[in-house]
Amino acid sequence: SRRFAVEGKAYVTEVRGDRFILQDCPVGFLWEYAASNGSWASMSIYGGHLGLPHAAVILKPGRVILADGLRDVRLDLKGVSQVENVSISIHLRGTLKEPKLRLDSDSSLSQERLLVMLLTGKSWSSAEESLSQGGVSADLIKDTLDYLFFGGKVTDVARALGVSDVHLEIDQNKKGV
């Protein structure tokens, strides 16, 4: 039977995407082809740094497996992030079609809250206070609108222009913000 493999190691200095940057990432790879069952590839990640718009993730050892080309990608990736005073452990596994994300923290916060913290870089303690009092704070609304409609860019642009505070007013008599 015809079979061959390519194996190696590499060091990824930097890869930039629209909403992330991967840096200082040692990897190992194995690509194997067999006439009987096609090809598959495996990439092991041994560490590195993943920068997101509002959070930084320290990567832990993990793996990506590609079977049948890009049609069957399997993930087993881990990392740790610090948002304010909360340490968040991240475990992404499963397939690209059905990914499973597990987030944990020392303070036993909900998965949803930890995800919001990773996406926004904020602890949302003011949001909890507002929600427990039956209202939604202007800060929470501002940050949510910024993230949903502008991908967090309003805050970044404001910082670049030297704006340190943004005030949001909601007029109950008018539709909109």
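Which strand is the place of E32? E32 sits in strand β2, a strand being a DSSP run of E with at least two residues, numbered from the N terminus. This is a predicted model, where local features need pLDDT of at least 70, side-chain atom pairs count only at pLDDT 80 or more, and totals for chains, interfaces and linings use all residues. Residues are numbered from 1 along each chain as its sequence is written, and side-chain values use heavy atoms, with hydrogens and water left out.

**View 1. E32 and its partners.**
With 16% relative accessibility, E32 counts as buried (under 20% relative accessible area; exposed is over 50%, partly exposed in between; 1.4 Å probe, protein chains only). Its side chain makes a polar contact with the side chain of R3 at 3.0 Å (a pair of N or O atoms within 3.5 Å; within protein, one must be able to donate a hydrogen and the other to accept it, and residues adjacent in sequence count only if both atoms are side-chain atoms). Skipping neighbours within four places in sequence, E32 is in contact with R3, F4, A5, G38, S39 and W40 (heavy atoms within 4.5 Å).

**View 2. D24, a positive phi in a strand.**
D24 isn't a glycine, yet its phi is positive, near 50°. Look for D24 in strand β2. D24 is partly exposed, at 35% relative accessible area.

**View 3. S108, a positive phi in a loop.**
Here's another residue that is not a glycine: S108 has a positive phi of about 50°. You'll find S108 in the loop between β8 and α1. S108 is exposed, with a relative accessible area of 66%.

Note on methods: Helix = DSSP H or I, 4+ residues; strand = E, 2+ residues; numbered from the N terminus.
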